[in-house]
Amino acid sequence: MPAALTQIAKAFYAQQGLPYDEALMLEARRLLADFIGSAAWEEIKGSEILGREVPFFYGTNPMMRGTMDILYRLPNGQTVIGDYKTGATKQDYAAQAAAYQEAVHRALGARAVCKIISLR
């Protein structure tokens, strides 16, 4: 996997006209290695993926918009919104979670739970 990740990153950097960043790639490999095998990874791996990078918007005043990192359904039928975080997660994400949950409810008619997936 590290070789494939490097190859994909090099192609992306070239496409964007940017120099390859080895330090950034080492950090990405470390984050990925830590995530694989984690409880969140196991849960997602055993679920039905409904979408990745799912954009949404609703309302007019105010308009709510954003992008959900991952939306999946557990084997028990529960819909989950996963929000990946690479930094400190001490911040209160209640308003963000509520917006995501409302978007899922409007689009799918489902009640979803929102989970923070800390990658560090």
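Helices, taken as H or I runs of at least four residues, and strands, taken as E runs of at least two, are DSSP runs numbered from the N terminus. In this predicted model, helix H4 is followed by Gly 109, whose phi is positive, near 70°.

**Strands and hairpins**

- Strand E1 covers residues 48-58 and strand E2 covers residues 64-73; the two pair in the antiparallel sense over nine bridges.
- Within this pairing, Gly 51 lies opposite Leu 71 of E2.
- The hairpin of E1 and E2 has five residues between the strands, and Gly 59 there takes a positive phi near 80°.
- E2 also pairs with strand E3 (residues 79-85), again in the antiparallel sense, over four bridges.
- Here Tyr 72 is placed opposite Val 80 of E3.
- Five residues separate E2 from E3 in their hairpin, and Gly 77 in the turn has a positive phi of about 95°.
- In a regular strand, side chains alternate between the two faces of the sheet.

**Nonpolar cores**

- The largest nonpolar core has eleven residues, among them Phe 56, Tyr 58, Met 68, Leu 71 and Ile 81.
- E1, E2 and helix H4 (94-108) are the elements that each give two or more residues to this core.
- H4 supplies the largest share of the core, four residues.
- A second, separate core has nine residues, including Ile 44, Val 80, Ile 117 and Leu 119.

**Helix H4**

- H4 has 15 residues and spans 21 Å from its first C-alpha to its last, close to the 21 Å expected at 1.5 Å a residue.
- Ala 97, Ala 99, Tyr 100, Ala 103 and Val 104 are buried in H4.
- Viewed down the axis of H4, the buried residues fall within an arc of 160°, so they line one face of the helix.
- An α-helix has 3.6 residues a turn, so residues three or four places apart point the same way.
- The buried residues of H4 pack against E1, E2, E3 and strand E4 (112-118).
- The exposed residues Ala 95 and Arg 106 sit on the face of H4 turned away from its buried side.

**Aromatic rings**

- A pair of aromatic rings is described by the distance of the centres and the angle of the planes.
- Rings pair if their centres lie within 6.5 Å, and by this rule there are six aromatic pairs.
- Phe 35 and Trp 41 form an edge-to-face pair, 5.7 Å centre to centre with 85° between the planes.
- Phe 35 counts as buried because its relative accessibility is 12%, under the 20% limit.
- Trp 41 counts as partly exposed because its relative accessibility is 27%.
- Phe 56 and Tyr 58 form a stacked pair, 6.1 Å centre to centre with 25° between the planes.
- Phe 56 is buried, with a relative accessible area of 11%, and Tyr 58 is buried at 13%.
- Phe 12, Tyr 13 and Tyr 20 are linked into a cluster by ring pairs.

Note on methods
Residues numbered from 1 in each chain as written. Heavy atoms only, no water. Pairing = 2+ DSSP bridges. Core = buried A, V, L, I, M, F, W, Y, C linked by side-chain atoms within 4.5 Å. Buried < 20%, exposed > 50% of the residue type's maximum accessible area, 1.4 Å probe, protein only. Expected span 1.5 Å × (residues − 1). Arc of directions from axis to C-beta. Contact = heavy atoms within 4.5 Å. Phe/Tyr/Trp six-rings, centres within 6.5 Å; stacked < 30°, edge-to-face > 60°.
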